[in-house]
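Trainee: Hi, I've just opened this one up. Could you walk me through a few side-chain contacts?

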Amino acid sequence: MADIQNSSFCSCNPLELFEQVTAQGEKVRSLKAEKAPKDEIEAAVKLLLSLKLSYKTSTGQEYKAGSPPTDFTPVSNGPGDAQDEDFVDPWTVQTSNAKGVDYDKLIVRFGSSKIDKDLINRIERVTGQKPHHFLRRGIFFSHRDMHQILDAYENKKPFYLYTGRGPSSEALHVGHLIPFIFTKWLQEVFNVPLVIQLTDDEKYLWKDLTIEKAYQYTIENVKDIIACGFDVNKTFIFSDLDYLGSSPEFYKNIIKVQKHVTFNQVKGIFGFTDSDCIGKISFPAIQAAPSFCTSFPQIFNNRKDVQCLIPCAIDQDPYFRMTRDVAPRIGYAKPALMHSVFFPALQGAQTKMSASDPNSSIFLTDTPKQIKTKINKHAFSGGKDTVEEHRKYGGNCDVDVSYMYLTFFLEDDDKLEQIKQAYTSGALLTGELKKALIETLQPLIATHQQRRKQVTSEMVKEFMTPRKLAFDY
């Protein structure tokens, strides 16, 4: 066994390799615990190292215990280069391309549809509103069945919105605002109910958190969500730890999903292994349940035919591919989706922001000075090494993080285009581009902080109380 070469394992898919590495690691620990003969331990260790090397060759990543390659299919950004693969799952986003994930290839891989000019024009026509700049700039770039939603709206048939947040820290970063900003716009232009799920149960299962701490994070995150300006009469925000225990209808839908999805299916979608706790394996059904209007009888008066639209980042799509597969088998409409791109870390678009790394993110609790310092010190630049070179050759907006952030938060299209032209031509220096971002984010975050201070415990309770909303069904 010790002489098996790496190539023997390269034909396995990444998940199979992950499971082989995990099993071999357990075998090595067992042999050591049993004080097995030295040569037997050495042979087992040699095989383990060989498997780990095969895993890295296959995925482009180091093996990490407990972090399987969820729903992994390589998406190459270059001709046959294993180092140029994108990795996207509900927990991890990685790419070696400084421009970020290749979203056109991700659409093909996930089997969704591009939000093209025709669809954007139709949204404008149907709503009578100028499309949000997230649509105009391709920040929300992919969809499933959005035409069905527009058909329903034109035919005076109702739908509702569902989005969520996994509360892993007390403070949100600016990337967390993206789905809420867009969802608020959708709610306003279509005038529809909204449910927002806080998956504190998920964070307890995946993170080193107590249930009490996970719920504490939920309450703090809800305050930030309310500060985005949602209408309490049209919005229900709920914690899984709270709502699951008080809603038989919600639990019944979870059970229906669980009965119609096999362990093999969730292993294939999410990469679960035999060493994962059963809570993780059953959790996807909990994230699926809000996609069905019967989970909220207090809102929809026990109707079963109100379709759901889910705005979310593309990394959450595996949950809803599963949901869309099971929905017809339990008598419900498939939820429609709109997918956003990832909000890049300050260090570059190879990864998304992380709430656990304070220097990768601009937090909603940051002071103006902290915002300025983080951007000046950590924001990856597309500029040249010297002023002379930059003036001559110009900067690269495709990789410059400050410019990327402005595409999210600078609403003025003309001003954004002027900045792009000036930076690309070399007329605008990196320091000046960073200054433009600082001057955009500082007032935005300061305004959010002021609104958050006005959010009381009574307001949180009102948003989180199951109740009828301002719609008649």
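Mentor: Happy to! Let's start with arginine 321, which makes a salt bridge with aspartate 317, their closest N and O atoms being 2.7 Å apart. A salt bridge here is a side-chain nitrogen of Lys or Arg within 4 Å of a carboxyl oxygen of Asp or Glu. Keep in mind that this is a predicted model: local features need pLDDT of at least 70, side-chain atom pairs count only at pLDDT 80 or more, and totals for chains, interfaces and linings use all residues. Residues are numbered from 1 along each chain as its sequence is written, and side-chain values use heavy atoms, with hydrogens and water left out.

Trainee: How are arginine 321 and aspartate 317 separated in helix α15?

Mentor: By about one helical turn, because they are four residues apart in helix α15 (residues 317-326). Helices (H or I, at least four residues) and strands (E, at least two) are DSSP runs, numbered from the N terminus.

Trainee: Is aspartate 317 buried or exposed?

Mentor: Aspartate 317 counts as buried, at 0% relative accessibility. Arginine 321 is partly exposed, at 23%. Buried means under 20% relative accessible area, exposed over 50%, and partly exposed in between (1.4 Å probe, protein chains only).

Trainee: Which ring does the charged end of arginine 321 sit over?

Mentor: That's the ring of phenylalanine 110, with the charged end 4.4 Å from the ring centre. The rule for this asks for NZ of Lys or CZ of Arg within 6 Å of the ring centre and within 35 degrees of the ring normal.

Trainee: Back to salt bridges: how many does the structure hold?

Mentor: There are 18 salt bridges. One of them joins arginine 452 to aspartate 224, with 3.1 Å between the closest N and O atoms. Arginine 452 lies in helix α20 (residues 430-453) and aspartate 224 in helix α9, so this pair ties together parts that are 228 residues apart in sequence.

Trainee: And which residues are linked with those two in a network of salt bridges?

Mentor: Glu220 and Lys223 join Asp224 and Arg452 in that network. Aspartate 224 is buried, at 3% relative accessibility, while arginine 452 is partly exposed, at 22%.

Trainee: What about lysine 468, buried or exposed?

Mentor: Exposed, with a relative accessible area of 52%. Lysine 468 meets aspartate 472 in a salt bridge (3.0 Å, N to O), and aspartate 472 is exposed too, at 71%.

Trainee: New topic, aromatics. How many aromatic pairs are there?

Mentor: The count comes to 33. Rings of Phe, Tyr and Trp (its six-membered ring) pair if their centres lie within 6.5 Å; planes under 30 degrees apart count as stacked, over 60 as edge-to-face and the rest as tilted. Tyrosine 160 and phenylalanine 300 make a tilted pair, 4.7 Å centre to centre with 50° between the planes. That pair links distant parts of the chain, 140 residues apart: tyrosine 160 is in strand β6 (residues 159-165) and phenylalanine 300 in helix α14 (residues 297-300). Both residues are buried.

Trainee: Which residues form one aromatic cluster?

Mentor: Phe134, Phe140, Phe182, Trp185, Phe343, Tyr405, Phe408 and Phe409.

Trainee: Last one: what does the side chain of glutamine 187 reach?

Mentor: The backbone oxygen of lysine 234, at 3.0 Å. Glutamine 187 is in helix α7 (residues 177-190) and is buried, with a relative accessible area of 4%.

How values were computed
Polar contact = N/O pair within 3.5 Å; in protein donor to acceptor, adjacent residues only side chain to side chain.
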